[in-house]
Amino acid sequence: MSFKLAVETFSGRLTDSDRTLVSIILSDPSQVVFYSAHELANQAGVHASTVVRLARKLGFDGFPGMRKALQSETKVAFGPGERVRRRLSKADESSSLSMLVHTEIAAIEAIEETISQADVDNAASILASAKNIFIVGRGSAAPLGVHLERRLRRWGFQVSISLNMQTRDLAASLIGMGRGDALVSFAFQSPDSLQAGYSALLKHSQAVGAKSIVISDSIGPTLRPNPDALLSVSRPDEAELSMRTAPLLMCEALAITLAHLSPERAVGSSEALEKLRNAFRSEGD
């Protein structure tokens, strides 16, 4: 079993220390395969015994078994961590722009390490069949929610968006969600980006018969309950940078895939939008 699958299917309780370890591992598995249990523990600021307990929780034969699973599923020589190090070694360290460009290129390339087109197709099919789509986000996730909302409206979908809401107001905004609808939630390890009441949010969508999609960074596999579709993208420098380039790309991939799934709807909605815009311009003249 792969490490990521072991985390996603684990039905027990993960502590905050466990989540930190999982996030570090998924952010740069090509580097973690060279760590000892003590080195990984030091990276996470926990005791080495916590690393061993996590490995056994997930069904591995201690840390060596978990590391072996990572080695078998990680392209060590060309992993995202190695690529970003190579690029940064070529970049001018005195140029912030150069370093930023190279780190974002590495973050985008790392997407293919964790997300497949089948994952995107699954999420897009949920949106394509949804009667109404509810988008939830907060903190640095809010701009992504706005961007996705605009893209979905352009294709003619009924979208409701709730950003930076307190739990009381969020509950009121979701009261109309029901069977046949879809929930899109953003969840990042940054404390101000993880939606308050996440667990209750997912449980409510399940209870009313709505499908759920979560777009996240490496914290995604540790979240419970599991959504119907998880698009979890990690970056090698996740601990240092919190730019949302990769999740934004996921939003675009969803929009483009939706257009391919329902070309008639996409074309018809675009034509209707342009017609309405022209009408507004004519009246303005």
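Helix axes are taken as lines fitted to C-alpha atoms, for helices over the stretch in contact, and the angles between them run from 0 to 180 degrees between N-to-C directions. In the predicted model examined here, the axes of helix H2 and helix H4 (residues 37–44) approach within 9 Å and cross at roughly 105 degrees. H2 is therefore roughly perpendicular to H4, given that angles of 65 to 115 degrees fall in this class. Thr-20, Leu-21, Ile-24 and Ile-25 of H2 meet Leu-40, Gln-43 and Ala-44 of H4 in this contact. Five nonpolar and two polar residues take part, and no charged residues.

Helix H2 (residues 16–27) also packs on H5, at an angle of about 85 degrees and with the axes 10 Å apart. H2 and H5 are therefore roughly perpendicular to each other. On the H2 side the contact is formed by Ser-17, Asp-18, Leu-21 and Val-22, and on the H5 side by Thr-50, Val-51, Leu-54 and Lys-57. The residues of this contact comprise four nonpolar, two polar and two charged.

A search of the whole structure returned one aromatic pair. The ring centres of Phe-3 and Phe-60 are 6.5 Å apart and the ring planes stand at 15 degrees, so the pair is stacked. Phe-3 belongs to helix H1 (residues 3–9), whereas Phe-60 lies in the loop between helix H5 (48–57) and helix H6 (62–73); the pair therefore ties together parts 57 residues apart in sequence. Both Phe-3 and Phe-60 are buried. Elsewhere, the charged end of Arg-244 is placed over the ring of Phe-188, at 3.9 Å from the ring centre.

Methods:
Residues are numbered from 1 along each chain as its sequence is written. This is a predicted model: local features need pLDDT of at least 70, side-chain atom pairs count only at pLDDT 80 or more; totals for chains, interfaces and linings use all residues. Side-chain values use heavy atoms; hydrogens and water are left out. Rings of Phe, Tyr and Trp (its six-membered ring) pair if their centres lie within 6.5 Å; planes under 30 degrees apart count as stacked, over 60 as edge-to-face and the rest as tilted. Helices (H or I, at least four residues) and strands (E, at least two) are DSSP runs, numbered from the N terminus. Buried means under 20% relative accessible area, exposed over 50%, partly exposed in between (1.4 Å probe, protein chains only). A charge sits over a ring if NZ of Lys or CZ of Arg is within 6 Å of the ring centre and within 35 degrees of the ring normal. Angles under 35 degrees count as roughly parallel, over 145 as roughly antiparallel, 65 to 115 as roughly perpendicular and the rest as oblique. Contact means heavy atoms within 4.5 Å. Ala, Val, Leu, Ile, Met, Phe, Trp, Tyr, Cys and Pro count as nonpolar, Asp, Glu, Lys and Arg as charged, and the others, Gly among them, as polar.
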